[in-house]
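This report describes selected packing and pairing features of one protein model. The sequence and structure are shown first, and the description follows.

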Amino acid sequence: MSQQSFELLILGSSAATPTAKRNPTSQLLNVAERFFLIDCGEGTQMQLRRYKARFQSVNHIFISHLHGDHFLGLPGFIASMHLLGRQNELTIYGPKELEELMAIIHKFSETQLNYSIKFVHTQTASKQLLFEDEKVEVYSVPLKHRIATTGFLFKEKPLPRNIDKYKLEKYNVSFAEIHKLKKGLDAVDNDGNVIKNEQLTIEGPKPRSYAFCSDTKYFEELAKNIQEVDLLYHESTFLESKIDRAAQTFHSTASQAAQMAVLAKADKLLLGHFSARYDNLDLFLEEARPIFSNTELAREGSVFSL
């Protein structure tokens with residue numbers, strides 16, 4: 001069985017203010033054709049169009065916190081989906097105050113949507129299961145920022161084991177038993193003997209995972225919630241020369257993001273949320289790679305496939 005899709009598109013990588021080349025934070029994650037929008041800074045819907053993303057396929061939006069560069073694109077995005085005739089329910093995960101904000105906007109704009117919105121409130125006390133279906137599960141993870149903030153962990157569920165047709169012949173098992181094997185059950189050979197599922201199948205591909213760690217100061221406890229993640233996005237607002245500024249504003253440096261990747265035993269690190277003061281983003285790689293070599297920049301339009 002081939003692996004299902006697991007692909008991340010970067011829509012925005014700037015910190016508090018956008019630049020001529022960088023938009024505020026937003027990402028689109030596709031897991032098994034489930035499209036998850038992660039944060040929604042200004043200009044997100046324009047970026048979705050620019051990169052020809054599947055606009056109306058987004059059914060779940062995750063908002064890390066209520067600083068404007070992470071959610072001010074949401075009212076316009078919701079309105080555009082309404083104007084384009086959306087009817088499917090949209091689920092938004094974020095701080096409880098976000099529901100209040102959207103209600104106020106819709107009240108004073110006298111907006112009546114064609115579709116319903118379900119809000120799921122996040123909390124910062126502990127890791128929290130937000131969404132689950134047969135393909136994927138999504139958790140919030142507490143971060144440490146100036147206001148209540150969470151990251152998000154997306155985990156692919158194990159794929160079914162692959163049936164080994166050669167083994168079916170070897171153990172004299174009828175093809176009629178395949179439906180049992182697909183359910184993880186044991187099979188019965190043509191002589192009535194029970195053959196273990198593991199003897200007739202091959203283990204599927206390793207489940208993949210992605211952690212989105214939005215605005216946060218460096219704190220080692222975070223690593224416990226994202227251990228052995230395949231792809232880690234960690235904010236790196238500043239370079240190490242501004243580490244005091246990072247501490248004051250509850251942000252991280254590129255080297256601190258790399259240290260987190262080491263602690264979490266991540267496979268790959270993405271740096272993002274770059275301060276507008278920096279034009280040369282390669283400096284972030286120069287700082288992070290000596291600590292964690294498999295590091296890339298989360299530039300607009302970049303696609304990372306697992």
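A polar contact is here a pair of N or O atoms within 3.5 Å, where within protein one atom must be able to donate a hydrogen and the other to accept it, and where residues adjacent in sequence count only if both atoms are side-chain atoms. The model is predicted, so that local features need pLDDT of at least 70 and side-chain atom pairs count only at pLDDT 80 or more, while totals for chains, interfaces and linings use all residues. Residues are numbered from 1 along each chain as its sequence is written, and side-chain values use heavy atoms, with hydrogens and water left out.

By this criterion, a polar contact of 3.2 Å joins the side chains of H145 and H67. H145 lies in the loop between β8 and β9 (150-156), helices (H or I, at least four residues) and strands (E, at least two) being DSSP runs numbered from the N terminus. H145 is buried, with a relative accessible area of 9%; buried means under 20%, exposed over 50% and partly exposed in between, with a 1.4 Å probe and protein chains only. Not counting residues up to four places away in sequence, H145 touches H65, H67, D215, T216, T249, F250 and H251, contact meaning heavy atoms within 4.5 Å.

Strand β2 (residues 26-31) is largely enclosed by the rest of the structure, because six of its six residues are buried. In a regular strand the side chains alternate between the two faces of the sheet. Both faces of β2 are covered, with S26, L28 and N30 buried on one side and Q27, L29 and V31 on the other. Its pairings are tabulated below; two strands pair if DSSP finds at least two bridges between them.

β2 and β3 form a hairpin with two residues between them, and A32 in the turn has a positive phi of about 55°.

A nonpolar core is a set of buried Ala, Val, Leu, Ile, Met, Phe, Trp, Tyr and Cys residues joined through side-chain atoms within 4.5 Å. The largest such core has 33 residues, and those with the most contacts inside it include L222, L232 and F284. Elements that each supply at least two of its residues include β8 (136-142), β14 (209-213) and α10 (254-264), and α10 gives the most, with six residues. A second, separate core of 24 residues includes F36, Y93, V138 and Y210.
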